Amino acid sequence: MNLSDLLGKVVDFNPAADVTTLRRAYEFSAEMHRGQRRKSGEPYLVHPLEVAGLIADLRLDVPSIATGLLHDTVEDTLTTLGQIESTFGAEIARLVDGVTKIGQLNFQSKAEHQAENFRKMLLAMARDIRVILIKLADRTHNMRTLSHLPPERQTDIAQETLDIYAPLSHRLGIYWIKSELEDNALRHLHPEIYYQLKRNVAKKRVERERYIEQVREVLGRTLEEAGLEASVTGRPKHFYSIYQKMQSQHLVYDQIHDLVAFRVIPDSTRECYETLGIVHANWRPVPGRFRDYIAMPKGNMYQSLHTTVIGPFGERMEVQIRTAQMHKVAEAGVAAHWRYKGQNEAGSPAEVERFSWLRQLLHWQQQLEDPQEFMRSIKEDLFDEEVFAFTPKGDLFSFPQGATVIDFAYRVHSQVGERCAGARVNGRLVPLRYQLESGDTVEIITTTRQTPSRDWLKLVKTSRAKERIRSWMKNQQRRRSLEIGTELLTRDLKRHRLEIQKLRKAGRLDEIARDLGFADEESLIAAIGYGRVATQSVLAKLVPAAEIEPEGEKEEGALQRLFRLVGRHGKGGVRVSGVEDVMMRFGRCCNPLPGERILGFITRGRGVTVHAADCSRVMESDPQRRVEVSWDGSTGNFRPVLIEVMCVDQQGLLAALSKAITSAGANISKAQVRTLTDKKALNTFEVMVDSLDALNRVIRGLGKVRGVMRVQRVRG
């Protein structure tokens, strides 16, 4: 891509485009990035040019394409936003700011930095949807050139792409970007699976093209005989969608037959339903595989009829039916043609509806300050499969697939969720674990005796419900810690003839709280109850030090005191906030390994429990009870890890799996083999490894064994 190519592409779809601005943006970017090179060794300017080209493919306006050329100048050069605004105007400056990462602030962790960058991007995206389109173009080109980065960075970026950017592109209806991002993420996360799929697909290319042509001819002739004119096309599914089907249905490649999706485009909505009737009349539909996204569009206003039938050659065949206008929205992405309208701007109901999911996303994240919880909830909210359920009054709510009646209750109101004891679905009583299906009418049953349970977190799917349940549980923990803190402080104050009520009335506890870095006396007392602050720290502000402890005794911090009281030396090569002697254990729920990001959780009387940073138990814990922990770099501490392998049930495969594990340098401590239906086997191995790298070597080795469908780590 060079400037002439870019300008030619822009003029093709917008002959009146202001190419002068684009030339100036190119020259400015070339000057600012002069001498810089990418990891691939090519001049840095190649990247902004390619990004601008992708934005032009989305048929966006000149300010968006100019931003593509300028998007890295503020982040990676000495350019300021003020310079961008004075040179190119406020609109382009605002777009550049929206896609620029936060770089000048101090963050306590990488997770916090990542969370704040996404929070900033979402807010900018709410003001102007073009921000995320530019960001998607940037990520698409970065994924094309990801192989030039170190392996660990490739894995991190590919996983982030799969978790955040691919679902965002789906939400915005830009399916060609979604497919490319998913395929490139698969290539770097599971290269052995990706290249095996690529080889299998290439082997059957001629056969697949012949099949597509034959089905097109049969389908077209059938519609023509029924008096309907429609174009029929077929396309192979992309690698990641094939991989997903293999994973979800425990299949090997040769067992998947519907590798091609056929698209029928008639002239009107009425003819879409007529086409569906003709398809179902001629070929037997597969139960449970029909979706009507015309009557109930997806959140991004995607409309189409989806059905799967046993086709003319006896194989499953997926058929999508939609009008030309629906197809345009589905392929080009609605966001490429519509600008997000703020609450104070005029916008048609259709425009507002297209981005209602974004409004909900922002609304639900406003109260989430914890970065780990924020990132997790973002991923959950971008879940793309939806079901639709009604209230008894006919209001329609959408939920991710797998959502339960508890999710529905929390969508109605937080208090309804907290008191939810059951539900009537379509007039029938159902338990709390009932999963919603499209078309359900749900009436929530409440009782004042009901309160949220930790088990609810295993049932709900929406981040709104999870955040409300966790918030309720944290409030309960805080109340208990306030009771304990008050009791401890009252007892120690009495020893010095001091009364907590008088200190409160005089405002002394508030003063001491601020001196110790707390917002108010309640936060201080809760911290005492949690075990993060010792009562001696408060007494030191009220009475002479000699009266608190013997002369010359070294004062110790709150955590050191807690750990000394429960203490023994930590095991497993973990350092807890620089403290040497501490009772410590690993969470059985996640069993973290050296190399994984970890967090500690203070448990009264039992020291610190170490969890993986993304463990659900950490999300449920109160942030005030967390403590920073890190691996101390020591080696040789082998830990048991469970690995689950789904494979074909065939002679010699167990021996091959065992050999793959030992060849990767790990020992098998336990093994369980279970045969399943359809000639499959589920193998569970407990292997001893000393790091995340060692575990990944084992998983990669198992993934290369012929006949293996899925390999995954199992957390307790």
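**Aromatic contacts in a predicted model**

Arg 639 sits over the face of Phe 586, 3.8 Å from the ring centre. The model is predicted. The protein has 716 residues, of which 51% count as buried, and its secondary structure comes to 32 helices and 20 strands.

Overall fold and surface
- Among contacts with a separation of 6 or more, 65% are between residues 24 or more positions apart.
- The accessible surface of the protein is about 34,900 Å², and carbon and sulfur atoms make up 47% of that area.

Charge over a ring
- Arg 411 lies over the face of Phe 399, at 4.6 Å from the ring centre.

Aromatic pairs
- The count of aromatic pairs comes to 10.
- Tyr 194 and Phe 239 form an edge-to-face pair, because their ring centres are 5.2 Å apart and their planes stand at 80°, where over 60 degrees counts as edge-to-face.
- This pair links distant parts of the chain, 45 residues apart: Tyr 194 belongs to helix α12 (residues 191–203) and Phe 239 to helix α14 (residues 239–249).
- Tyr 194 is buried, with a relative accessible area of 9%, and Phe 239 is also buried, at 15%.
- The rings of Tyr 240 and Tyr 243 have centres 5.8 Å apart and planes at 45°, so this pair is tilted.
- Tyr 240 and Tyr 243 are three residues apart in helix α14, so about one helical turn separates them.
- Tyr 240 and Tyr 243 are both buried.
- Tyr 194, Tyr 195 and Phe 239 are linked into a cluster by ring pairs.

Definitions and conventions: Residues are numbered from 1 along each chain as its sequence is written. This is a predicted model: local features need pLDDT of at least 70, side-chain atom pairs count only at pLDDT 80 or more; totals for chains, interfaces and linings use all residues. Side-chain values use heavy atoms; hydrogens and water are left out. Helices (H or I, at least four residues) and strands (E, at least two) are DSSP runs, numbered from the N terminus. Buried means under 20% relative accessible area, exposed over 50%, partly exposed in between (1.4 Å probe, protein chains only). Contact means heavy atoms within 4.5 Å. Accessible areas come from the Shrake-Rupley method with a 1.4 Å probe; for residues, only the protein chains shown count as cover. Rings of Phe, Tyr and Trp (its six-membered ring) pair if their centres lie within 6.5 Å; planes under 30 degrees apart count as stacked, over 60 as edge-to-face and the rest as tilted. A charge sits over a ring if NZ of Lys or CZ of Arg is within 6 Å of the ring centre and within 35 degrees of the ring normal.
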